[in-house]
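My entries follow the structure.

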Amino acid sequence: LVDKRTGELVAANQEMLAMNETLEDTNRRLYNENAARRKTQEELLLSERQYSAITSLIIQQPDDPERLLGTIFNTARSLVEAAAGFIALVDEKDKLVDVVHVCGGLYQDGERISLEQGMFEIVYRSKQRLYVEDYKQFAQRIVRESLERVSSVIMMPLAYQEEVVGVFCLAWLDQTHLVNEEQLDALQKFSDLASVALHNAKTRVRIQELAYRAALTGSPNWATLSTKPHP
């Protein structure tokens, strides 16, 4: 009787173990399916943001650089849902950057900062993006009260034909934020498009200025000179 009872208990225990294994397999499969579904949803959301980013540049007025800068910054921030940041233009002559379109109080709008410090110098010289997941541990971090809450930072160059004309910086506060390769690549593509759009906008402004001066002085403009037949 004891042996029979023991045998029944062993069989019941084995059955429970088999059920637990089945349940674990089911849970693992559900977890993987949910993870795959979340990744697909994240990729779709990123694709939608990329589409919106490209669309915003296409419909932007090409002869309004100031408005375009605002569009570039706001669109870049929405791509990765950054809490703070700014966009800045390079002053190569004075080795400074002029900060514009600030969000989150990192700097003051219109503030001029040395180009030869922190992430500015690295991005400017390398012409490459720089992502710092833990800014508080970054060896070249800028010590400044307004930057004390900064936890993670991305800085992207705005470069056209190897010349860095500006940068945009995106930041997160208080807690470190992981930015994956897909998001970084999306920002890179957007930065490349934004750089071309900004160059085209500045070129159009310059052409308009030349045409306006020519109209005021009565002198032939560059288009007239370039099409004048040779004697």
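**Sheet notes**

I started at Ile87, which stands opposite Phe168 in strand 6. I noted that the model is a predicted one.

I then looked for the partner of Ile87 in strand 2, and found Val100 as its bridge partner there. Strand 1 (residues 84-91) pairs with strand 2 (residues 96-103) in the antiparallel sense over six bridges. I also counted six bridges between strand 1 and strand 6 (residues 163-173), again antiparallel. I checked the cover on strand 1: seven of its eight residues are buried.

Next I looked at the hairpin of strand 1 and strand 2. Four residues lie between the strands, and Lys95 takes a positive phi near 55 degrees.

Pro157 has Val167 in strand 6 as its bridge partner.

I wrote down the whole sheet: it is open, has six strands in the order 3-2-1-6-5-4, and pairs in antiparallel fashion. Strand 3 (112-114) and strand 4 (130-132) each have a single partner strand, so one side of each lacks a neighbour in the sheet. The twist averages 25 degrees from one strand to the next.

Which strands does helix 2 touch? Helix 2 (residues 65-80) packs on the sheet and touches strand 1, strand 2 and strand 6, its direction making about 40 degrees with that of strand 6. Helix 3 (residues 118-126) also packs on the sheet, touching strand 1, strand 2, strand 3, strand 4, strand 5 and strand 6. I noted about 35 degrees between the directions of helix 3 and strand 5.

Technical notes. Residues are numbered from 1 along each chain as its sequence is written. This is a predicted model: local features need pLDDT of at least 70, side-chain atom pairs count only at pLDDT 80 or more; totals for chains, interfaces and linings use all residues. Side-chain values use heavy atoms; hydrogens and water are left out. Buried means under 20% relative accessible area, exposed over 50%, partly exposed in between (1.4 Å probe, protein chains only). Helices (H or I, at least four residues) and strands (E, at least two) are DSSP runs, numbered from the N terminus. Two strands pair if DSSP finds at least two bridges between them. Axes are lines fitted to C-alpha atoms, for helices over the stretch in contact, and angles run from 0 to 180 degrees between N-to-C directions. Contact means heavy atoms within 4.5 Å.
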